[in-house]
Amino acid sequence: MYRISVDTGGTFTDVVVTDDKGRLYIGKALTTPERSFSGLSAAIANAADQIGITFETLMAETRLLVYGTTRATNAIIERKTAKTALLVTKGFPDTLIYRNGGKLNSSQINAAVSPPFVPRHLTFEIPERINAEGGVERALDIDATRSILEELKVRGVEAIAVSFLWSIANPTHERGVGKMIEAMLPGVPYTLSSELNPVIREYPRTSSTAIDASLKPLMQTHLSAIRTDMNAAGFKGELLVSASSGGVMHIEDMALKPIYMAKSGPAMAPLAGIAYTQSEGLKDDIIIVDTGGTTFDVSLIRAGTVKYSRDTWIGGQLSGTLLGIATVDIRSVGAGGGSIAWIDSGGLLRVGPRSAGSVPGPACYGKGGTFPTVTDSAVALGYIDPDRFLGGRMKLDKSAAVAAITPIARSIGKSVEETAAAILKLASETMIKAIEDITINDGVHPADSVLVAGGGAAGLNILSIAKSLNSKSVIIPKTAGAISASGGQFSDVAIDFSGSCFTSTDQYEKDKVQALLSDLSARADEFESDLKRRGISNFTRRVYVQARYERQQFEMEIELPIEWIKAGEDLTVLREIYDTQCKRLYGFSRADAPIETITWRLRVVADLPQPEVTWTGPKEGSMDIRTTKAYFDGHGLVDTQVYNGTTIPLETLIEGPAIIEEPTTTVVVDPGITGKLSANGNYIFSFGA
């Protein structure tokens, strides 16, 4: 029997398959935006070929498939979601316009911001009002609401988001509107903020509600099509979907809350990072990078725990759209293999954020692309053999890559090789800044962490990046070309239940906190009962709280001992944990200041069977090595050994300059860098003490 995990990216669809003996097989194919299953089936067929069975046999003998995709994220970025109406309390129509306020550059007067996720002309004010204590200040105006819903029907609205003031204290009015939508607009999906994301801040709650509602028509259709196509292909196992929370959800549950599909693919990479570092007995502080064709994604593991955030923006921090839910903290920048190099108005060379994607793709793909990209630069430098890309399944055109780079080379007065090296170096600088952003801002120094690199383009420059960051160790797994899909092999079913309860340690309202935690526990019990009926029996719970010192503006989330879920009153422990984390992140703590608690989150993880990954390397003396000319910045064209990665025996030392060609990625080892292929099948490079 087999387990398949999938990551459908903007350029490639990655598939990882494990069998009962823990052996991994990687499949890769170009993503097909017009019909996802075409690229997905091609990638699965590629993996089946490596196993030595047919596509039909692999599908029939797969007991579990974890599906991840960037479709939801791309729909949010490109605003290609359903025509959505937003219903708000009368007098509060501009929540999505005002956002959280503020801007990153205080001196920039006219900071560019994206338009509100739901336009103002589709925002409607409902006469009703709940106060902060849950009392009804103004009853829901049924006639006015009915009139507005009739207008929505005339306007052809495809989804509805409902976010009323203080519905988290009393959801009666939101639920009433939900019943009216079902009666008057049957079939039109809707989302209630009090059910999706009952948190105290208006903008995060409203933003997440609007996003979720707008994704329902698109993603429900997409998930239904995937299920139909999978069944038609002979798949009879269980279909799960990777979630932005770093776990997986059953496809039926995901269809009800599709916002959890945003950032779902990259959210799997940290799970692979944990598995690979643990197998090598290395540190628990891990930086995971995933360099795809479109973006460079960075996430962090601290003390063996995935870092989460409720401050995940899509389309730019403060200026874009806030997801508003707890997600794996992932920082993404437009610097991938398909990132386009260009000259700005001042004559300076730039790289990204625009990407060539999979269609038409980099110029070397020969599919009509004419802009120079990072991948074109790697081909021009001699790092990627045009005849051996993706294990020889896809031929590249080096002359097209050189032709695309030449105009830029002439513009800056450099040779093609020098320009290609500069393009790769600029992309590296962007990636370094992203790594420093997530590590240094969290009190972690990159030099004290293990760097785990994945993504089809990661190996092109990750060693030079690690050297610049003074990292001690770098792990590049055999599955690096599909690291997010690899994470799906180590995933569990996970879901978060959250709610708001404002109180302070100097006037602590234990009963209110305990009532909320009891409600979260009851919802978790129901979730676990449902999974037990599906044959899952092992569960883990973790409790978090967003808190702040009195008179601070924004909160910080900390994890509390699970005992808090029962007693909810050990303020000494709460203060110790909060003060310690504040000191680590910001260099200060205020032991004399009351701590205000805002939002509580209970995370439930249901354990799934996970593979014990094994690698059987080839025998000594079987290595396939050739020599080529490759250009390295500061060294020029040098003789470089090129290793066929599939023929390297375990424990083999590799000295730069060298190039390792794996079927789904290429690892460039710069002069002076030494590493080895470990007994666990990971390439490990160290840079001294």
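I take the expected span of a helix as 1.5 Å times one less than its number of residues, and I take helices (H or I, at least four residues) and strands (E, at least two) as DSSP runs numbered from the N terminus. The model is a predicted one, in which local features need pLDDT of at least 70 and side-chain atom pairs count only at pLDDT 80 or more, while totals for chains, interfaces and linings use all residues. Residues are numbered from 1 along each chain as its sequence is written, and side-chain values use heavy atoms, with hydrogens and water left out.

**Helix α8**

I looked up α8 (residues 202–232) and found that, at 1.5 Å a residue, its 31 residues should span 45 Å, which agrees with the 44 Å between its end C-alpha atoms. I also noted in α8 a kink of about 50° at lysine 216, shortly before proline 217; the bend at a residue is the angle between axes fitted to the seven residues ending there and the seven starting there. After α8 comes glycine 234, with a positive phi near 100°.

**Helices α12 and α13**

I next looked up how α12 (residues 398–412) packs on α13 (residues 416–440), and the angle is about 95° with the axes 9 Å apart. Here axes are lines fitted to C-alpha atoms, for helices over the stretch in contact, and angles run from 0 to 180 degrees between N-to-C directions. That angle makes α12 roughly perpendicular to α13, a term for 65 to 115 degrees. In the contact (heavy atoms within 4.5 Å), Val402, Ile405, Thr406, Ile408, Ala409 and Ile412 of α12 meet Val416, Thr419 and Ala420 of α13. I sort these contact residues into seven nonpolar, two polar and no charged, where Ala, Val, Leu, Ile, Met, Phe, Trp, Tyr, Cys and Pro count as nonpolar, Asp, Glu, Lys and Arg as charged, and the others, Gly among them, as polar.

**Backbone entries**

I found a cis peptide bond between glycine 352 and proline 353, with omega about 0°, and proline 353 lies in strand β22 (residues 349–355). A cis peptide bond also joins glycine 656 and proline 657, with omega about 5°, and I place proline 657 in the loop between β31 (653–655) and β32 (658–662).

Definitions and conventions
Parallel < 35°, antiparallel > 145°, perpendicular 65-115°, else oblique.
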